[in-house]
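Please look over the chains below before reading on. The walk-through takes them one at a time.

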Amino acid sequence: MKTVKSQFKFKGGVHPDYNKELARDKAIERMPVPAELVVSMSQHLGAPAKCVVKAGDFVKRGQVIGEKNGFISVCVRAPADGKVTAVEKRLGPAGGKADAVILDTTAKEEGAGSGEQGTPILPPLDWKTATREELLKRVEEAGICGMGGAGFPSAVKLNPPPAKRCEYLILNGAECEPYLTADFRLMLERADRIRVGVEIMRKVLGGPAVRIAIEANKPEAIAAMEKAFADIEGNVEIVVLPVLYPQGSEKHQIFATVGRVVPEPPALPIDVGCVVENVGTVAAIADAVEKGEPLLERVTTVSGDAVAEPKNVLAPSGTKYADLVAFCGGEKEQPAKVISGGTMMGFAVSTLDISTTKTTSGLLLLSRKRVFQYESGPCINCGRCVRACPMNLNPAEISKAVESDDVKSAEDAHVMTCIECGACSFGCPAYRQITQLCRRAKASIRARIAAEKAKASAAAEKEKLKSQPVLPEGATRGSK
Amino acid sequence: MSYYLVILVGAVLVNNFVLSRFLGCCPFLGVSKKTETALGMSGAVVFVMTMAAAVTWCLDHWLLRPNDLGYIHTLAFILVIAALVQFIDIAMKRFAPPLHAALGIFLPLITTNCAVLGAAEINCKQGTGFFESVFFSFAAALGFGFALVVFSGMREKLAHANPPRCFRGIAVALVTGGLLSLAFMGFSGLVKLPY
Amino acid sequence: MKPKETAEHYILSSSPHAHSRASVSRIMLDVVIALLPTTAAGIFFFGMPAVWTIAVCVSTCIVTEALCRIAMKRENTIGDLSAVVTGLLLALNLPAGLPLWMAAAGSVFAIGVAKQVFGGLGMNPFNPALAARAFMLISFTGPMTTWLKPFWWKTPDAVTTATPLATMKTWFAAEATASASPHGLCNSACTGVPGLLDMLVGNMPGCIGEVSAAALALGAAYLLWRKVITWHIPVSFIATVFVYSLFAGGAPATMQVLTGGVMIGACFMATDYVTSPTTSKGKLVFGFGCGLLCMLIRQFGSYPEGCSFAILIMNALCPLVNRWTQPKPFGAK
Amino acid sequence: MATAILIIAGIGMVAAVALAVADRYLSVKEDPRIGMVTAELPGANCGGCGFAGCDGYARALVAGTAPNGACAAGGDEVAKAVAKILGVEAAATERRVALVRCCGTRSEAIRVGDYNGICDCNVAAMTAGGDKGCTYGCLGYGACANVCPKGAISVHDGLAKVDKRLCIGCGKCVRACPKHIIELVPASATIHVLCANPDKGPSVRKVCGVGCMGCHLCEKNSGGKEAGHFTFQGFLAKVNYDNPPTDGAIVAKCPAKCMVEDSHFESGH
């Protein structure tokens, strides 16, 4: 085990104000289960889980309420005991609606002595003796998905196709988003869990080298990890990354730690022999295996200058934002913007009547003076976005093309490669919504591709039905 | 050698056909919306102008002048150039389909183009030798193509601009063309052309 | 029956929700600040006529911008200071003592024709100040090439003179045809050539803002420090001019760089965002093209100074340069 | 004089013969429709269509890579003639026009956030689901109006409306709307329900003053369930366009005021 400095620096990136001091010294605090939980069936990337309870049912903590529904999907378990009051579509933080189970945690099922504390939900496993299949199954049963943001199902990630070998397991502890300190606190306080998680994952992935990526502005976290991993065997390194946004992006982290470049979509990290997992997810895997505790709660940083007491809260997933804010002493002043996630990639929400999910890393309440307004001023071609873009695109050209409804040009300029990190908009002196324009282009390109696919399959269908040979195009030509 | 260089620089930069002589403005404005099309058009113009120069020189020197018929050369040139372009179009389609796919669609556009006729006229008036004439036409066509491609790049950029309503479209293109012409005046005197 | 809206809404916007707080007006202000040393030097050498020219250009540009926006029924954009920058740059590229109505006409051309016709800031294909200068050079050739001597008030009998550039022109011309030794030619022509120190501080005839290389370098250093510009265009521009003049003969390379519009062109005109490429590679190509064209025009053209024309032509080529120097996406083959 | 005439005529003859021979022996056989389409086009070679001359446009048309109607010089006449040659004329069917199923203007439907972003429904919908309280309703950022080739859609007071007279029923807006509330309906239908919110009455009322509450009054007033003029999805009435209601009296009786007669629908322009 050794600590090394990152050898590779990717092009671009920006330096936002991190504002981590608001919550970085606040120890993780467990929040009491709120009276009402709204548990979404779509807390992860991929197909939403299929709801298997109905209004009026009583559920136990840890009971499966949504079943895995497809290959890229995870199950959802009840974060607490309670009564299902309704199953309905609710707005999620990203603006989409998904089925959600509304739980009344105050209701008690008559007769049944509610779940004795201390009894594990799933039988604990000893990772040293358990087989790879058992461990994989446990990760899947526990409903674990990437907790960094996208929520990619961990069981899928840990089980790459046989042709592809995992050479590096990269632990993402960069936490480059401003304000957020959840992963930082986790690394300080639960370093032992992370270590166990790493050993489990290493076993499942067939013994890859391990790289723990942490930004240089978290020396305490680096020290804690060094201590926890001091006596580990095998090829394990802590890689200290320079402070640069978006260091936490999967592709950039792979480059910064092992110097490999993930090709353009649809290539995945495993195509270059890497698996990247967030530190929170690793701790959750350790809990799921050793303690039999599925992923029911997570650490969320509640911060921002409009919150009375910024905190790192351990809350059941499904907790309403309003309850989180109340637990942190309420609002200090009227927030002008509420963000689910960090300031660079988080989602602005219109109401606190939205609930956390397995991927909610932060909740920020910003006052008017912390919030800026976008303008749709003209691009002055200054090139700041070109220099800032970590994907080496030309956001200026893309944004101008999209503004004049020229999505084709945007596509030619590789807009589909954009990771929407927001570095372009961050530095734009004209306050243009470059990232949003990229999103718009991507959305319309995706829609077009979907339409083309539908058309092609319809045409193929039609072709099959036609038994008559079609006259070749040239057959009508000739005579003049 | 240096004489041909002078002709080249003179026809491309100093007395650019579009920006200085204002010949061929129609395709300059019409086919400059996209750089790809502009490149195709430039290729076609180079091809036709060079061929036309050769044919008209022969016509002028072997048929018209010996018969003292210089005064009908414009008429004769138009006729011959138009027929030539048509003929090239047909022949190219038959013998060089890829070339036709690249240039063919532009050929009808320049059948009676003033730039093509203009080059022939200038050659005729100067009474230069065969190779000189052909080279001059070739260089002039290169100049035309250069201006066209540069202009197309600017127009692609202008497509994302937001001019006032009354200047949209061809008006703002004309202003741009004027400013481009202004910039090209910087080349004046770069070489002293014989004509 | 009508539902009631809550008192205050949260702002809904797409990420990112953080901003560097850079702004267009701050960038323009930085350019103005960077131009202050050379403005001061120009006023120091050429006196009140320089003050008047600058005042007329800046105010005319602002007024024209305001009137254009009113005519276009669009929001007023004086606040972004881009009109001030254009006016100041134009004035610095004019000879002191130019009739003021000409300066005003040039300013109207710069804002009205070269900028607002295309929709205002960010849309113009040519640098407005340079387009206006080219327009004036062609329209008012005489006054535009009549130069006040530095400290002209001290020598009342000989107020105007030729610039070192015009002298260099005769050098090139003489060298091309001369049978006499270059050394002898140099001696005969050297009367109009300032010394190195004079060229650095600006004690020579020329446009208001282009004479003082030291003040321009100071301004450029400020812009580089503020990260308003990058080094690519100025360095490749000046290096090209320098190397070219080393090999082409004629005037010494230091003189080619320090006289005329090369310094102000490379640091302030060619680096104009709107009309220069966005990528580093493109900027290097752009600067190289400017330097090469500038020297070609200086050596062979009929105008003594080719800097503004060179930049204008490269402005025209900028979309093509951009097109062929697009960055390769991270991970693309 | 005579020589001049002779020479010109001679050149003409030679050229004509050469071209005739070339056409006979060198020409390449191609889709005759290209020639037919070229003949219909004005032949001005103006390049206004974005193609190199009329021939280029004709080829693109026959190849199906260019939209018909791009020739501004020829106008509708030419477009019709070209359509005839290409055989793209659809069989005569009932004319269908687009309908935006929402009537929640800014004054009726509440907004729940200050949207600060680009004016496009698709991205607005991605930003916290849009700033409209009713998550089913028209956001009014004009994604449909932007794609409409005929300029038949306009946005007023945060609500898109289709001008029935201009709509050609191409369906582009239907695909552009992120809320999926635009549909193609028979142009002859005169009575429409302009709401897409299937929620219960009270929750609809919370966000919109003119939302359908599913009270079934329209059904009752139009002859009951048997008449089959309406279908219901959740708490939302939908006009059955296979059998649309014709009695305008039911419109005024709608307590939610989300039902309209045609005049409303046409007021877009």
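Predicted model: local features only at pLDDT ≥ 70, side-chain atom pairs only at ≥ 80, totals over all residues.

Residues are numbered from 1 along each chain as its sequence is written, while chains are lettered from A and ligands numbered from 1 in the order in which they are written.

Start with chain B. Its secondary structure consists of eight helices and zero strands. Here helices (H or I, at least four residues) and strands (E, at least two) are DSSP runs, numbered from the N terminus. Read from the N terminus, the order is α-α-α-α-α-α-α-α. Chain B has a radius of gyration of 17 Å, close to the 16 Å that the globule rule gives for 195 residues, so it is as compact as a globular protein of that length. The radius is taken over C-alpha atoms, and the rule is 2.2 Å times the number of residues to the power 0.38.

Along the principal axes, the C-alpha atoms of chain B fill a box of roughly 60 × 45 × 30 Å. Of the 195 residues in chain B, 52% are buried. A residue is buried if 20 or more other C-beta atoms, placed from the backbone, lie within 10 Å of its own. Now take the contacts in chain B with a separation of 6 or more: 79% of them join residues 24 or more positions apart. Two residues are in contact if their C-beta atoms, placed from the backbone, lie within 7 Å.

Chain B also touches chain D. In this contact, 24 residues of chain B meet 22 residues of chain D. On the chain D side, α1 (2–26) and α3 (53–63) each give two or more residues. α1(D) gives the most, with twelve residues. The chain D side divides into twelve nonpolar, eight polar and two charged residues. Ala, Val, Leu, Ile, Met, Phe, Trp, Tyr, Cys and Pro count as nonpolar, Asp, Glu, Lys and Arg as charged, and the others, Gly among them, as polar.

Turn to chain C. Chain C is divided into domain 1 (24–144) and domain 2 (162–324). These bounds come from an automatic or database domain assignment. The centres of the two domains of chain C, taken over C-alpha atoms, are 21 Å apart. Their contact takes 32 residues from domain 1 and 30 residues from domain 2.

Which elements of chain C supply at least two residues of the domain 1 side? They are α1 (24–46), α2 (48–72), α3 (82–92) and α5 (128–139) of chain C. The largest share, 13 residues, comes from α1(C). By residue type, the domain 1 side of this contact in chain C has 22 nonpolar, eight polar and two charged residues.

Terms used
Buried ≥ 20, exposed ≤ 12 C-beta atoms within 10 Å, placed from the backbone.
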